[in-house]
Amino acid sequence: MRKRARTATLPLGSSDLVPGSGETGVLGGGSGLRLGILADPHLVPDDHATDGDMARYRSALRRCVREGVDGLALLGDLSWSGDAASLEAGLRLAARTGLAVRAVSGNHDLGEWEDALAEAVRRVGAKNVRLATPAGEVFGGEDVRVTGLCVASDNYGYTARSDERPDVSGWGEETVVLLSHYPMISFRERAEREGVYYGDNDLENLEEVARPLLSRAAPTVVINGHMHMRDDCATEQVLQISCAALTQPPFDLTLLDLKTGGGRISVGVERIPVAPSPDDVRLSALSPARLRWVFEEGMWRQAAPKPEKQAAR
Ligand SMILES: [Fe+2]
């Protein structure tokens, strides 16, 4: 059995930041959490192409810094094959932002061995880069807990082991953000209805893994990659934001703004392509680039997105 990481409080803006790296938002306490989310960059070794996966990954990191995010979430498939060089390169670049970085593994990261991402995090040894854990950590000592599902089973992570699954018992009444490579709510039917390939890509034990989340009285926001598809949906108290990949059109990075206060939670999502998509490619987008959900009186509802900012910086 693996030892589970203990719950920790992460006061962003102090130990996790490189001195002089800039301002970060105050988390929790009604002021919110802004996450920069990078899903499925699929990095390969020695990629020096100006329009390749590494270039898009660097561009996404730079944009997150410019957008003033409070932390970075790496949603898995950081590498194409799970090779040490690609994983380390991706983690080192993320570390250099000076932001708090939380990572989970994807099926591609398990290509060479099951613990490759955990080993890469250990070798990189950056204070601001950690795996997200089932127990999670409370940001800012307030009421938002960030947790993660980091899979490492021997079928390329398609079965979440009992010691990897979300540990809801310790979450209490907090609003929880769960970082996961795999969706926790299958949206196969919607994808197939829209004629978008979904395949046999859900976790094999999805129902078992998701049951505790769906039983929670408090809200959970799942953020996932893996399907390389924009989607959003809500079931019970669980809102799921599915992020498209950096490795294929629409080459998205995703910004998530979570605000709590006054008995209400607002989740704003903005998907920002970091490279142009070819005109003749159908984008894997089941939901729009900008959207917002609100949780109040015990349920999630869609709301109008915040007005768009002026030209991208
Ligand atoms: Fe992927």
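This is a predicted model: local features need pLDDT of at least 70, side-chain atom pairs count only at pLDDT 80 or more; totals for chains, interfaces and linings use all residues.
The protein chain contains five helices and 15 strands, and of its 313 residues 47% count as buried. Among the contacts in the protein chain with a separation of 6 or more, 71% are accounted for by residues 24 or more positions apart.

Helix 1 and helix 2 pack against each other, and the table gives their residue ranges and the geometry of the pair.

| Item | Value |
|---|---|
| Helix 1 | residues 53-66 |
| Helix 2 | residues 84-96 |
| Angle between helix 1 and helix 2 | about 20° |
| Distance between their axes | 10 Å |

Because angles under 35 degrees count as roughly parallel, helix 1 and helix 2 are described as roughly parallel to each other. Helix 1 passes helix 2 in a crossing that is right-handed. On the side of helix 1, Tyr 57, Arg 58 and Leu 61 take part in the contact, where they meet Gly 90, Leu 93 and Ala 94 of helix 2. The residues of this contact comprise four that are nonpolar, one that is polar and one that is charged.

The largest nonpolar core is made up of 82 residues, and within this core Ile 37, Leu 38, Leu 75 and Ile 223 have the most contacts. Helix 1 supplies the largest share of the core, namely five residues. Leaving aside residues up to four places away in sequence, Leu 38 touches Tyr 57, Ala 60, Leu 72, Leu 74, Leu 75, Leu 246 and Leu 253. In soluble globular proteins, nonpolar side chains tend to be buried together.

How values were computed:
Residues are numbered from 1 along each chain as its sequence is written. Axes are lines fitted to C-alpha atoms, for helices over the stretch in contact, and angles run from 0 to 180 degrees between N-to-C directions. Helices (H or I, at least four residues) and strands (E, at least two) are DSSP runs, numbered from the N terminus. Angles under 35 degrees count as roughly parallel, over 145 as roughly antiparallel, 65 to 115 as roughly perpendicular and the rest as oblique. A crossing is left-handed if the near helix is turned anticlockwise from the far one by less than a right angle, and right-handed if clockwise. Two residues are in contact if their C-beta atoms, placed from the backbone, lie within 7 Å. Ala, Val, Leu, Ile, Met, Phe, Trp, Tyr, Cys and Pro count as nonpolar, Asp, Glu, Lys and Arg as charged, and the others, Gly among them, as polar. A nonpolar core is a set of buried Ala, Val, Leu, Ile, Met, Phe, Trp, Tyr and Cys residues joined through C-beta atoms within 7 Å. A residue is buried if 20 or more other C-beta atoms lie within 10 Å of its own, exposed if 12 or fewer, and partly exposed in between; C-beta atoms are placed from the backbone.
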